[in-house]
Amino acid sequence: MFGEPGKTKFQIDLRRHLRGQNICDNLIHLICEVAEASKYVINAVRTGDLGVAGTSNLYGEEQLALDVLSDRIIKKRLVHSGVVCSIASEEMDDIYKVTSDTNGFYSVAYDPLDGSSLVDVNLAVGTIVSIYAGCDLFQEGRKQVAALYILYGPRVSLVYSVGNGVHEFTMNQLMEFTLTRENVRMHPNGNIYSPGGQRNKYSPGVENFIRHLEERGAKLRYSGGFVPDINQVLMKGKGIFMYPALNGSPNGKLRLLFELNPMAYLVENAGGSATNGTTPILDLKPETLDQRAPIFIGSTEDVMKAMEFVNS
Ligand code: F6P
Ligand code: MN
């Protein structure tokens, strides 16, 4: 669509790209508002207080001041966007209702600063966003109308899909997101694996899958941040990320609404797959805000192989 060979190269910014996607103006506006909010989040990440805020979230985790700040930045932007009716965030205990109007409005579930405990050791973190039409947030991930993440690494990048391919934008010196990769596609298999959790808590099936990957010569590439780890698999176009069930944590760690659904939507839109071991992540029906699930996500053949091992 953009950047055809032989044509003069010019930078495509996010709004212009969204306008070529055949989606409604409210959704374009919403995604651009999230992109705007991320400029304040990256500023907070780069210069903000690393102290503890003294509050804990729904999951009993210590909240860094940066989590709270990032949550406020994004929530405020969404509330004032004029196109959002329901908001859920990993840092809020309940759904926040902006309006009961549903006509042309969207619901947003987001993780404002995933991996925030990595900021004090200066590793990459990110914001993850899942968008549904209407006010119901308890829909299968397949019903998302858009998903995106913003990765705060050495560079800031934004990766989105509205169901029509996966596209990467990078923040330039003017803090504008310009197109850097269009229609990212995943190879059926890869040679990197990114395994979360503790290996001595893996089931024999998962342990055997890891051994299979190692014997195949796959390399371990795990940063401990979901956004950079998924970004690696997606942008290299191959490999698998997993956060399996652990002994004592049958649903793994990662949350369906805020983390798994948006990433599964992006990876499926790039030709990859995501499963909890038996069911595609995008077909799981969320029942609670804090619902978790195990995940195997990435190159389709690798994900299928994981399922074989896990279920053997
Ligand atoms: O949100 C949780 C998170 O920080 C993710 O970014 C990451 O994938 C995961 O936890 C890492 O967990 P663990 O340290 O158990 O591997
Ligand atoms: Mn998180």
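So, a definition to start: two strands pair here if DSSP finds at least two bridges between them. Helices (H or I, at least four residues) and strands (E, at least two) are DSSP runs, numbered from the N terminus.

Okay, ground rules. This is a predicted model, where local features need pLDDT of at least 70, side-chain atom pairs count only at pLDDT 80 or more, and totals for chains, interfaces and linings use all residues. Residues are numbered from 1 along each chain as its sequence is written, chains are lettered from A and ligands numbered from 1 in the order written, and side-chain values use heavy atoms, leaving out hydrogens and water.

E12 pairs with E11 (residues 192–195) in the parallel sense, over 2 bridges, and Ile-192 has Lys-219 in E12 as its bridge partner.

Now the metal. Which residues are the protein donors of the manganese ion, ligand 2? Asp-111 (OD), Asp-114 (OD) and Glu-259 (OE), at 2.0 to 2.2 Å. Donors are N, O and S atoms within 2.8 Å of the metal (3.2 Å for Na, K and Ca); water isn't among the atoms, so sites may look incomplete. The spacing reads D-x2-D-x144-E. Asp-111 is in strand E5 (residues 106–114) and Glu-259 in helix H6 (residues 256–269), 148 residues apart.

Buried or exposed, that Asp-111? Buried, because its relative accessibility is 0%; Glu-259 is buried too, at 2%. Cut-offs: buried is under 20% relative accessible area, exposed over 50%, partly exposed in between, with a 1.4 Å probe and protein chains only.
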